[in-house]
Amino acid sequence: MSYTSFQDCMQNSMWFKQLIHDPQVYLAPHIPEQKLQGAASYLPVSVVLSDVLMLIDDTVFGSAKAGLCLTERGIYTKESFEDSNMFLFEYIKTINVSGGFFGYGLDVNGNRIMRFTQINKETAHHLNLGLRELLNTRQARSQSQQKQQSQSTSLSPAMTGVIDVMVFFALYRTSVCQPESRQYLAEQFQRFPQPAKQYLEQQLLSGICKPWTKIWQSVISWGTNMPYTAKAELMVQAFHLMAMNAYPLEEMMNFLYQLGDALGLTRQQIDELLREVFTSDNQQNNDHPEPESHSGMSIQHACQLLEIDQQQLSLDRVQHAYRKKMAEFHPDKYQQLPPSVRQLIEQQAMQLNQARDYLKDYLGVC
């Protein structure tokens with residue numbers, strides 16, 4: 001059976017299910033924070049701790065400063081009094097855990113890279129079979145991607161590039177395309193030829209998007225020759241995908257400016273497009289069936305602005321949601337942006353203030 005991600009494979013693997021019985025082994029999302037902090041001492045700075053899928057603490061006193069961490073990208077090891085090692089899965093051909101006189105060793109591509117001292121024979125056996133299963137999953141996924149690339153050669157660079165942009169914004173913050181994003185993409189690609197639809201679906205199923213720098217450079221090569229209407233449409237589509245996936249506003253703005261620059265749009269054109277999409281988005285948010293208050297606010301609208309469940313309203317939830325949203329939308333963070341965009345952000349902050357005040361009044365809080 002093939003899996004789209006290591007986490008999916010590990011959750012369904014009988015070998016990893018056995019590993020959780022060993023007190024030295026921790027699987028995401030149940031890895032203690034103090035263990036991750038200990039492992040951070042040997043992990044490269046490029047590894048985000050939340051990306052660690054498995055941690056093996058091979059220390060006597062539980063500091064986790066020696067052992068093994070596994071992510072989608074590779075295996076990171078540290079043996080006591082030895083240098084740390086990093087092995088990316090794209091370069092791993094064989095992997096094996098075997099017994100020895102002083103413990104159990106981890107071999108990658110035929111070379112011993114780690115000697116475990118704190119795991120037992122049963123754990124070593126399950127770890128061996130589990131890692132091999134992951135490697136097989138990675139190799140099968142790589143073969144599938146190569147097949148996808150060969151199929152995509154029938155598409156123009158612009159068509160492939162547009163799909164890569166869309167897939168990036170649908171998957172960048174999560175390895176699984178959310179239902180709302182999938183529905184939106186299906187609607188946008190209704191008029192496209194079948195090979196384009198197939199390439200889009202294959203990319204979404206892989207759960208992996210191309211690096212943004214690579215996509216951005218690709219857009220420069222074909223984007224400047226696109227008609228203005230096609231450029232504007234791609235900008236709007238990128239905005240909606242980021243909004244659906246709850247991108248922080250600052251990150252969203254950075255991506256939109258970079259995409260606009262790569263498409264050869266002037267800053268004035270980018271600002272005008274941003275003004276249009278923000279205005280359109282605000283108009284949609286203001287379209288509510290229930291009566292509004294004299295200030296133009298309603299319970300449903302206020303809850304949507306602060307992203308609160310209307311059925312679970314409380315002062316604490318309102319205050320917490322308000323602080324969280326204001327940290328994202330506060331206008332002081334955007335003083336370097338053009339005046340037209342800054343004005344829209346300030347309007348967003350004002351709406352958050354109105355939503356908080358309206359809900360406080362509704363809850364009877366002075």
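The legends below describe close-up views of a predicted model.

**View 1. Overall fold and confidence of the predicted protein.** The protein contains 14 helices and eight strands, and of its 366 residues 46% count as buried. The average pLDDT is 84, with 84% of the residues scoring at least 70, whereas over residues 285-295 the pLDDT is below 50, although this stretch has 17 contacts in the model beyond near neighbours in sequence. Where pLDDT is low, the predicted coordinates should not be read in detail.

**View 2. The stacked pair of F168 and Y172.** By the ring-centre rule the protein has 13 aromatic pairs. One of them joins F168 and Y172, which counts as stacked because the ring centres lie 4.8 Å apart and the planes meet at 25 degrees, under the cut-off of 30 degrees. F168 is buried, at a relative accessible area of 2%, while Y172 is partly exposed at 40%.

**View 3. The edge-to-face pair of W212 and F255.** The two ring centres are 5.2 Å apart, with 80 degrees between the planes. Since W212 belongs to helix α8 (residues 212-223) and F255 to helix α10 (residues 249-262), the pair ties together parts that are 43 residues apart in sequence. Both residues are buried, W212 at 11% relative accessibility and F255 at 8%.

**View 4. The aromatic cluster and a charge over one of its rings.** F168, F169, Y172, W212, Y247 and F255 form one aromatic cluster, and the charged end of R173 sits over the ring of Y247, at 5.5 Å from the ring centre.

**View 5. R356 over the face of Y322.** Here R356 lies 4.2 Å from the centre of the Y322 ring.

Notes
Residues numbered from 1 in each chain as written. Predicted model: local features only at pLDDT ≥ 70, side-chain atom pairs only at ≥ 80, totals over all residues. Heavy atoms only, no water. pLDDT = per-residue confidence, 0-100. Contact = heavy atoms within 4.5 Å. Helix = DSSP H or I, 4+ residues; strand = E, 2+ residues; numbered from the N terminus. Buried < 20%, exposed > 50% of the residue type's maximum accessible area, 1.4 Å probe, protein only. Phe/Tyr/Trp six-rings, centres within 6.5 Å; stacked < 30°, edge-to-face > 60°. Lys NZ or Arg CZ within 6 Å of the ring centre and 35° of its normal.
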